[in-house]
Every structure is written in structure tokens, then in C-alpha cells.
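Open the model in your viewer and keep the selection tool ready.

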Amino acid sequence: RAVAMSVSHSSRLNKLVREQYMRLPQGGLVQVTYVWIDGSGEGVRCKSRTLDKEPKSIEDVPEWNFDGSSTAQAEGSNSDMFLVPVCMFRDPFCLDPNKLVLCEVLKYNRKPAETNLRSTCKKVMDLVKDSHPWFGMEQEYTLLGINGHPYGWPDNGFPGPQGPYYCGVGADKVYGRDIVESHYKACLYAGVKICGTNAEVMPSQWEFQVGPCEGIEMGDHLWMARFILHRVCEDFGVVATLDPKPMTGNWNGAGCHTNYSTEEMRRDGGLKHIEAAIEKLSKRHDYHICVYDPRGGRDNSRRLTGHHETSNIFEFSAGVANRGASIRIPRQAGQDGFGYFEDRRPAANCDPYAVTEAIIRTTVLNETGVETKEYAEH
């Protein structure tokens, strides 16, 4: 009974009845679900419309609008916001030919909304496209019951200490694998570049990885993977939180480790370019901490304590195979003399556009200090 009560009411509706309707033909019409980031910078919203034929490219999807006063993005007196389609995926919930479309949000004056961090990221990525920056992001998240308690944890206590849960197998070690596997399949179907998943160190905590993605594609694919995660969890009646430290005490937090390389880092002798990039990052630690969570570092301060496989938020460090460092060079890259490095500082609830843009600004565009430069359209 305790487990049943921690899932939402809607998840207990008869899904076989739903299937009957989902199998009905659409008569050549197509359902398109528009997805966007709301005023919190963390939440995603969506709404759907009918198109009279299947869009073959993003250019075939028309702009739309929504009420920004209901998403903390506009005043009620001037509330219309524009949805500008930027990336299209197959819809794993309503199936082909239906689509999921990620959108940028523009204000009434066609300027980017405050939480539209894609706009400047795209400009920066276009500027450095000859460097062919590759990213892979490791999204950690925690499953909660709708009572806010980690899913599967005892109602009035705690599971045993961390140890057996990471990459664990067995009903006493992992909670919610059905959700994880459904999310993985849904991402593959959608065309999201998901490349792996595993149970994490804290029970009910999981991770999926997206990449390698080049440039702006990283943010696009991670945001859509997050949307799909929340939507899958809705079907199962639980909640996925990206809070960087969902449980206080002797429990691991949740990050979004970001793996990164440029073309020259991936070639023979690339290790010297990796080391040069890390040197630049070491001189700009405060700037990066500021953009690696939505609250200027306040969320990460709960997670980056120097314990539980993290570095201390106030210190920059780097090392080969060191999971307690700000930057980890994988042992393989150290041995091969080329490859990539991992920035372990981004919080689970970071905006991937902000993180990838910051890394490029520092390592390729050679920016220093806490101010960012404005660049002309490229």
C-alpha cells in the first residue's frame, strides 16, 4: 500500500483503454508537440497542434505562441511569447508520423526570453565550428514518489548505506528500472543521441548519457531527453528531480558531468591541447561555477563539498582518473596522449546551453574574467 500511494492517481488509469484510442488512424493529419523551457530555466512545458501533413524538416513546422504570464516569462498585460521551432524528433508517445519539436522562446519584441540561453550558445558555436567541439553530458537524476520522498525508500527511514546500489542489480538494490529502460527506448525512437544509462551511487538515483554531439546539438538533445524523461515518469506516476542534492546527509548529490574535446584534442599529441584548455579553465573557475546551475552557484554549493566524489566549490583541481577533482582526464586519454576531458562541476539542473557555451568561451575564444564578450553575427 505504501508504494501504491507514492505514485500519482493518473498513472493508475486503465492504460489498455488508452491503447484503443491510440491505435485509431489519423487520416493523414499529424500531431506536433511543441516543447520549450519555461521561466524557471529548469522546467519544460509543451502543447500540441495538428498539421495537415508530416513535416520533413524543421522549416516545415510553423512558429506558434503561448501565454508567457502562465510560465513566469511575461506580464499578463503583454503575455504572448513566440515559439520558434529549432529541432525536430519523432514522437515516442503518439508514434509516427507525429513529432516532438524543441523551440526557442522569443519575447513580444522578438528578442530572446531571459531563460532562452540557446540564442547566445548558437552564436558562439557557429563562431567556433571549425574547431568541431564535441560534447557528451552525463545527466544524473533522482526518482521521487509524488510525496517528495525518494521512490522505493522506506516510508519512515532510510535504505542501507551507499555501496551496493551503483550499477546494481536486484530488487533490494535498484528502484524504478522500468522507467529507466522505457526512457532509453523512447529516446532511441525519438532520435535523441542517448548513449548509455546506469544506476547511480544513491538508491533511486540514475544517470543517462547523451552524446557525442557537436556544438549546439548537445543542448538540443539533452533538453529533449529531459522532456522525454519527465513524460515517461508521468506515465509511471513518479517524479524525476534534477535537484543537485535531493537528500541531505551522507548521500551522493546529482551532477551533469560534461565531456569535451575539440578536433585538435582528439588527434595525436592532443594531450597538450587538453592541458592548455584545463589551464585556461583554472583561471576562470568563479565564472564557470556561476553558470553551472540556474542560481549562480547556490545549488551547486550544496553538492560540491569535496565529499561524495566531488571537488570543493571554492577550489579548482584537475587530475588523471580523479573523481574528486574539478576536471578529470580519463586514464585512457592520459595513456593515448589524446582524447577528451570531463568537467565534473556542472549541476544536474544546469542548462546545457550555458555549460557548453561557457566551456567554448574559455577554451576556444580565450575569454578571461567574469564578463563575457558580445560577438557580431557570424
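Select glycine 191. This glycine sits just after helix 4 and has a positive phi of about 95 degrees. Helices (H or I, at least four residues) and strands (E, at least two) are DSSP runs, numbered from the N terminus.

A note before moving on. This is a predicted model, where local features need pLDDT of at least 70, side-chain atom pairs count only at pLDDT 80 or more, and totals for chains, interfaces and linings use all residues. Residues are numbered from 1 along each chain as its sequence is written, and side-chain values use heavy atoms, with hydrogens and water left out.

**Helix 4**

Now select residues 177-190. What span should the 14 residues of helix 4 have? At 1.5 Å a residue the answer is 20 Å, and the end C-alpha atoms are 20 Å apart, which agrees. The expected span is 1.5 Å times one less than the number of residues.

Next, color Ile179, Val180, His183, Ala186, Cys187 and Ala190. These are the buried residues of helix 4. They lie on the same side of helix 4, because they cover an arc of only 130 degrees around the axis. The arc is that of the directions from the helix axis to the C-beta atoms. Buried means under 20% relative accessible area, exposed over 50%, and partly exposed in between (1.4 Å probe, protein chains only).

An α-helix has 3.6 residues a turn, so residues three or four places apart point the same way.

Turn to the face away from the buried side. The exposed residues Asp178 and Lys185 are there.

What do the buried residues of helix 4 pack against? Show strand 4 (80-90), strand 6 (134-144), strand 7 (194-199), strand 8 (205-214) and helix 5 (217-236).

**Serine 131**

Go to serine 131, in the loop between helix 3 (118-127) and strand 6. Serine 131 counts as partly exposed because its relative accessibility is 22%. Leave aside neighbours within four places in sequence. Serine 131 is then in contact (heavy atoms within 4.5 Å) with Thr262, Glu263, Arg266 and Val364.

**The whole chain**

Zoom out. The protein chain has eleven helices and 13 strands. Its C-alpha atoms fill a box of roughly 60 × 55 × 40 Å, taken along the principal axes. Of its 378 residues, 51% count as buried.
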